[in-house]
Amino acid sequence: EELIARMKEMDACGADILKMAVMPETETDLCPLLKATLCVSEDCEKPVVTMSMGKTGVLSRLWGEFTGSCITFAAGQKASAPGQVDAHKMREALEVLHEIAEK
């Protein structure tokens, strides 16, 4: 609920893009972010960008597209945040996910 409220406040304050990055403490911390992303992206016309950082958060960078996050971040030459995946590996992983989702 807190994540949704914060993104709605960003919208109400006039943000053009609703972006939120969080650092999970446990594996279960990922689920509320994905749910909040889905809820806000369905209710708002503005782009929503969310990600969870660190080792645990890698899944949010891969699943974000499927839960309403309009972009993800990957590392070019060097990661700029914990949990960023190499851009080439990210592309490969997303291609596999797209293939699976299309079946």
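Buried means under 20% relative accessible area, exposed means over 50%, and partly exposed lies in between (1.4 Å probe, protein chains only). In soluble globular proteins, nonpolar side chains tend to be buried together.

Some notes on reading the model: residues are numbered from 1 along each chain as its sequence is written, and side-chain values use heavy atoms, leaving out hydrogens and water. Because this is a predicted model, local features need pLDDT of at least 70 and side-chain atom pairs count only at pLDDT 80 or more, while totals for chains, interfaces and linings use all residues. Helices (H or I, at least four residues) and strands (E, at least two) are DSSP runs, numbered from the N terminus.

Now look at Thr-37, in helix H2 (residues 30-43). Is Thr-37 buried or exposed? Thr-37 counts as buried because its relative accessibility is 0%. Beyond four places in sequence, Thr-37 touches Met-7, Val-48, Thr-50, Thr-67, Gly-68 and Ser-69. A polar atom of its side chain also lies 2.7 Å from the backbone oxygen of Leu-33.

Next comes helix H3 (residues 54-67), whose 14 residues reach 19 Å from first C-alpha to last, close to the 20 Å expected at 1.5 Å a residue; the expected span is 1.5 Å times one less than the number of residues. H3 bends by about 35° at Arg-61, the bend being the angle between axes fitted to the seven residues ending there and the seven starting there. The buried residues of H3 include Gly-54, Gly-57, Arg-61 and Leu-62, and their cover includes H2, strand E2 (48-52) and helix H4 (87-102).

Val-58 also belongs to H3, but it counts as partly exposed because its relative accessibility is 22%. Val-58 touches Ser-52, Gly-83 and Val-85, not counting residues up to four places away in sequence. After H3 comes Gly-68, with a positive phi near 110°.

How values were computed: A polar contact is a pair of N or O atoms within 3.5 Å; within protein, one must be able to donate a hydrogen and the other to accept it, and residues adjacent in sequence count only if both atoms are side-chain atoms. Contact means heavy atoms within 4.5 Å.
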